[in-house]
Amino acid sequence: MSLNYLNIHSLMKKYGIHPKKSLGQNFLVEPAGLSKVINAAELTAEDQVLEIGAGLGSLTYLLAQVAKRVTTVEIDRAMLPPLREALSEFPNVRVIEGDILKQNIDELVEDQDYVVVANIPYYISSAIIRHLMEASVRPRRVVLTVQKEVAERILARDGKMSLLSLSVQVFGEVSLGGVIPAGSFLPAPDVDSAVLKIELYPEPIIPLELHDAFFRIAQAGFSQKRKTLRNSLSAGLHLPTDQVEALLQESQIENTRRAETLSLSEWHRLTRSYLAN
Ligand code: SAH
């Protein structure tokens, strides 16, 4: 299907919009970059989309052409008049003014299956991912533009895991939907972006009821990255080293491993042993 693109420059001019750095306003204007996001979302005419951060609607306008229904949340009131004008031809779009972190996701999507698409400010990507994963109705797929290096950290595997990569990979399979050069945005940010795609599992790899303990243990493990697990867990969980050694042994993990080398199934075993003791 050939898509029509919005003219963001003329909307900005007509409404006297000056992008706000404090809200991470970098509008995606290059069709090549916009197409990477839309393609990664793999939408059909049956899909419901939740968009985060509509801005002037450059993505919303495309989403409206391919999806059944689009709900978009935008925090900045100044965006709403141009946004409403840009989207007036689409009865399938609903614009909600507000902070995504304060929205009840389940209500927004009316408990229906949905895909999230967002070109969001870098400083809230982690908080937004957490907010979405903790919703009781989780999305089927999440497509986010994030700083390229953040995408690389989330995509990391064996030996290079972090609290961030664990907290995403526990919920779904992550992949890269392409790189978007900084110059594709208006204004251009300092670094290139990447399209990150998260295909959610029906259930997280580590069951939700264990997440409090799992994240507490993982946080302890990563809090002193260069230390062995025996030492970092002992300090972070306030446990004597012999007790930590016993836990690690029970979980079949060597004392001298470091947090970044553990797989999700090893964290799962460790969490279960911790809770059983
Ligand atoms: N999707 C548009 C805009 C990207 S800029 C595009 O691709 O061009 C990011 C947008 O997110 C800005 O419009 C900003 O105002 C909005 N935003 C920032 N924090 C937000 C929050 N907490 N909740 C909802 N929207 C937010």
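**Domain arrangement and ligand surroundings**

The domain assignment, which is automatic or taken from a database, divides the chain into domain 1 (8-200) and domain 2 (208-276). The model is predicted, so that local features need pLDDT of at least 70 and side-chain atom pairs count only at pLDDT 80 or more, whereas totals for chains, interfaces and linings use all residues. Residues are numbered from 1 along each chain as its sequence is written, and side-chain values use heavy atoms, with hydrogens and water left out.

The centres of the two domains, taken over C-alpha atoms, lie 34 Å apart, and their contact (heavy atoms within 4.5 Å) involves 11 residues of domain 1 and 12 residues of domain 2. About 930 Å² is buried between domain 1 and domain 2, with carbon and sulfur atoms giving 77% of this area; buried area is the accessible area (1.4 Å probe) that two parts lose on being put together, summed over both. On the side of domain 1, the residues that lose the most area to domain 2 are M161, L163 and L166, which together account for 52% of what that side buries. Across this interface, 3 residue pairs are in polar contact, both residues being at pLDDT 80 or more; a polar contact is a pair of N or O atoms within 3.5 Å, and within protein one must be able to donate a hydrogen and the other to accept it, while residues adjacent in sequence count only if both atoms are side-chain atoms.

For the ligand, an oxygen atom lies 2.6 Å from an N or O atom in the side chain of E74, and a nitrogen atom lies 2.8 Å from an N or O atom in the side chain of D99.
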